[in-house]
Amino acid sequence: MTSSRFDVGRAKELQEVLASRVDKTYEIGSINNVVGLDVAYVKDVGIAVAALLNYPQLQLKEYVVVEGVVEIPYVPGLLAFREAPLMIKAYEKLGHDADLVVVDGHGITHPRKFGIASHIGLVLDVTSIGVAKNLLYGKVVKYADGVEYIVVDGEVCGLVYRWLGKNTYVSIGHKISMKSLMKLIPNLYKNHYLPEPTYIADTISKKFRRL
DNA sequence: GCGACAG
DNA sequence: ATCTTGTCGC
């Protein structure tokens, strides 16, 4: 019997096509709010959370929780097909649009330059960045400016951001340049090693997981 | 063929 | 991601 009806080959082809539509040159303007996206699970039921925080205070102003059965398996490089649908659903239920969306996972620091953060940014047509706890693809190179950049095929796609002694792998999602990303990133971290939007969304999703 | 491999 | 108590460290 065929294990899953998920076509890995087609999914990768789609990413290769959509990658060309990612905007890595946009210089972001003023930001008033940020949305953090994350998903927790109870067996095959996903619990997605979209947490809206004000900026630069980074205080939770509103959040949405969406649950649903997740059929797509986790395949490295194809995380978006498994988690993006619920995350997008949660985002769209918010009462406001976000100036920036922070996704739990990678953006273009990805085998085909199209990780979940880029996927969501493109679908929602919003500025997005990816923040992951581990590296998926690319090489970490320390430049003369002291920054540890994540290089993919000779292109700087993100950077390693260390906060409270731990590393996070930050990358361009969509509609943002490396310049803007670097200027913005320090303002997203507070009292946890993860950026506040991600931390808040993660906390809420895990809270609903035990209810 | 042998590793590596977001969440 | 999730399964899981106590325990080492800041």
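**Figure 1. Asp 125 counts as partly exposed, with a relative accessibility of 48% (buried is under 20% relative accessible area, exposed over 50% and partly exposed in between, for a 1.4 Å probe and protein chains only).** The model shown is predicted, so that local features need pLDDT of at least 70 and side-chain atom pairs count only at pLDDT 80 or more, while totals for chains, interfaces and linings use all residues. Residues are numbered from 1 along each chain as its sequence is written, chains are lettered from A and ligands numbered from 1 in the order in which they are written, and side-chain values use heavy atoms, leaving out hydrogens and water. Asp 125 belongs to the loop between α3 and β5 (helices, H or I of at least four residues, and strands, E of at least two, are DSSP runs numbered from the N terminus). Its phi is near 55 degrees, which is a positive value in a residue other than glycine.

**Figure 2. The loop between β2 and β3 holds Pro 56 and Leu 58.** The peptide bond that joins Tyr 55 and Pro 56 is cis, with omega at about 10 degrees. In Leu 58, a residue other than glycine, phi takes a positive value near 65 degrees. Most residues other than glycine have a negative phi, and most peptide bonds are trans.

**Figure 3. Nine strands form an open sheet with mixed pairing, in the order β3-β2-β1-β4-β5-β9-β8-β7-β6 (two strands pair if DSSP finds at least two bridges between them).** The edges are taken by β3 (60-69) and β6 (139-142), each of which has a single partner strand, so one side of each is left without a neighbour in the sheet. From one strand to the next, the twist averages 30 degrees (axes are lines fitted to C-alpha atoms, for helices over the stretch in contact, and angles between N-to-C directions run from 0 to 180 degrees). At the edge formed by β6, four bridges link this strand to β7 (residues 148-152), and the two run antiparallel. Within this pair, Val 140 is placed opposite Ile 150 of β7.

**Figure 4. Strand β9, residues 166-174, is mostly covered, with seven of its nine residues buried.** In the order of the sheet, β9 stands between β5 and β8. Strand β5 (residues 128-132) is joined to β9 by five bridges in an antiparallel arrangement, where Val 131 stands opposite Val 170 of β9. Strand β8 (residues 155-163) is likewise antiparallel to β9 and is joined to it by six bridges; here Arg 162 stands opposite Asn 167 of β9. Two residues lie between the strands in the hairpin of β8 and β9, in which Leu 164 has a positive phi near 55 degrees.

**Figure 5. Helix α3 lies across β1 (33-42), β4 (101-104), β5 and β9, and runs at about 35 degrees to β9.** The axis of α3 (residues 116-124) and that of helix α2 (residues 79-92) come within 10 Å and cross at roughly 40 degrees. From α2, the residues that meet α3 include Leu 79, Phe 81, Ala 84, Met 87, Ile 88 and Tyr 91 (contact means heavy atoms within 4.5 Å). From α3, the residues that meet α2 include Ile 116, Ile 120, Val 123 and Leu 124. Glu 83 and Glu 92 of α2 and His 119 of α3 are also among the residues in this contact.

**Figure 6. Leu 18, in helix α1 (residues 8-18), is in contact with Phe 114 and Leu 122, leaving aside its neighbours within four places in sequence.** Leu 18 counts as buried, because its relative accessibility is 17%. Although Leu 18 and Arg 112 are 94 residues apart along the chain, their C-alpha atoms are separated by 9.5 Å.

**Figure 7. Ser 205, in helix α5 (residues 196-209), touches Asp 38, Ala 40, Ile 47 and Val 49, when residues up to four places away in sequence are not counted.** With a relative accessibility of 0%, Ser 205 counts as buried. Of its contacts, Asp 38 and Ala 40 fall in β1 (33-42), while Ile 47 and Val 49 fall in β2 (45-54).
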